[in-house]
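Open the model in your viewer and keep the selection tool at hand. We will go from one spot to the next, looking at what is there.

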Amino acid sequence: MPTGLKTVLAGKKKIGQRPGSFRVAIVLALALLIAFLSVAQGAVARSQAKPAKKTSVTVMTRYEQQLAAALNTARKRHGLRVLKLVPGLMRSAGKHSLQMACEGYFAHSSPNGASFVTRVKRFYGSAASSYFSAGENLLWARPRVTPRQVVKRWLASPEHRQVLLSPRWRVFGVGVVRSTHGAGVFTGRAVLLVTADFAVKR
């Protein structure tokens, strides 16, 4: 038996306690201490644990219509032709905005490395064309941004302005989604993701 324990027991004998009773008291005290620590740790863990926020992604159909009108208004103001909305480019732009929102990235290319041109061709088609060209503008912002503000921001950027005001385009499509808790690079923020695809083929 360890020396330290023998000394303690000997000391308790002087005040009339039996060794067996003292051992039982120590075991009970340790059991109570372990139980208390377990409860305390559980309470701390529960207080620190944050419930996972559910991400909701909504396709903003009305916003898309307003953005399309704002884009054509900007082109008319600069003496350019009004572009026609086509289903293929609406699907291309819409799919890309939705994919960025769900997978938490912001780029023209898809996560598998495919370029935006590949995506546009897949949805709009170019197999029977002798000439094909496409352009794309992206934007992500807080949901309060308006369609006119989106166009204004693109016009303020030389690269985006060049795409938006190119005289070569004949058709276009837009895709807008709102995410309540953006994944990945959006770090849980509520965001609006906008894609505008432009094309010409003949």
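A polar contact here is a pair of N or O atoms within 3.5 Å; within protein, one must be able to donate a hydrogen and the other to accept it, and residues adjacent in sequence count only if both atoms are side-chain atoms. This is a predicted model, where local features need pLDDT of at least 70, side-chain atom pairs count only at pLDDT 80 or more, and totals for chains, interfaces and linings use all residues. Residues are numbered from 1 along each chain as its sequence is written, and side-chain values use heavy atoms, with hydrogens and water left out.

Start by selecting R119, in helix 5 (residues 116-124); helices (H or I, at least four residues) and strands (E, at least two) are DSSP runs, numbered from the N terminus. Show its side chain together with that of H96: a polar contact of 3.5 Å joins them. Is R119 buried or exposed? R119 counts as buried because its relative accessibility is 1% (buried means under 20% relative accessible area, exposed over 50%, partly exposed in between, with a 1.4 Å probe and protein chains only).

Next, select helix 4 (residues 87-103). Its buried residues include S92 and H96, both of which R119 touches (contact means heavy atoms within 4.5 Å). The buried residues of helix 4 pack against helix 5, among other elements. Just after helix 4, stop at G104, with its positive phi of about 70°.

Finally, select helix 6 (residues 147-156), where P147, V150, V151, W154 and L155 are buried. On the other side of helix 6, find the exposed R148, K152 and A156.

Key:
The expected span of a helix is 1.5 Å times one less than its number of residues. Lists of a residue's contacts leave out its neighbours within four places in sequence.
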